[in-house]
Amino acid sequence: MKTRERIEVAIPQEPSLPTVEPSPIRYAAAKRTFDVVGATFFLLLAFPFFVIVALLVRLTSPGPIFYKSVRIGLGGRPFTFIKFRSMFVDADQRLAELRKQNEKDGPIFKIEKDPRVTPVGRVLRKFSLDELPQFLHVLSGEMSLVGPRPPLAREVVEYDEGCLVRLSVKPGITCFWQIMGRSRLSFAEWMALDQKYVREMSFWTDLKILVRTPVAVLRGFGAY
């Protein structure tokens, strides 16, 4: 009589995300007040742009108006991140075939002439109009007006200890590298500037970054 052997198949598990202790912020109350007031004011001011951008996305390519993805926020906690869709609906499925064309170092993926981006999406990205819905995240408390940009989970699992520092504060809509070259900078430069922000963050640092952001957005340098 033959004995039946038990075969165990190892099922691959999703890599666990690291947890990071939030940094103490001396001006936390002032920062949150400024976030709520600033985001509310901007959303009211930019409402016509929301309508125009939504119509452009809807009328120029099939698919939803908004793109949703999971990003990593304060302390390593994931949240659902929304922006106006700037790519074709099969963009995520086509990522693997484009990996070899990646123009950036580190765990990030960027191609200046990414074929997945729609014609309207190129304009939206150049002037950061696809980012407008993120002011809703600021109101909800998941993001701040100023802070490191929220990364993808697949990027975070490759972070070293130095990179993880950026998760000790709330992610933001704008930051140092958003006003200093954006996608023209290397991954190492992004991380160095985010670490600089964590070290130097203050109400006045936030204000200086916010004042410089509109000029950087209008120039569109390094945005793709």
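Over the ring of which residue does the charged end of arginine 71 sit? That residue is phenylalanine 81, and the charged end lies 4.2 Å from the ring centre. A charge counts as sitting over a ring if NZ of Lys or CZ of Arg is within 6 Å of the ring centre and within 35 degrees of the ring normal. Lysine 196 likewise lies over the face of phenylalanine 176, at 5.2 Å from the ring centre.

The model is predicted; local features need pLDDT of at least 70, side-chain atom pairs count only at pLDDT 80 or more, and totals for chains, interfaces and linings use all residues. Residues are numbered from 1 along each chain as its sequence is written, and side-chain values use heavy atoms, without hydrogens and water.

Aromatic rings also pair with one another. Rings of Phe, Tyr and Trp (its six-membered ring) pair if their centres lie within 6.5 Å; planes under 30 degrees apart count as stacked, over 60 as edge-to-face and the rest as tilted. The whole structure holds 9 such pairs.

Tryptophan 204 is exposed, at 59% relative accessibility, whereas phenylalanine 203 is partly exposed at 29%. Here buried means under 20% relative accessible area, exposed over 50%, and partly exposed in between (1.4 Å probe, protein chains only).
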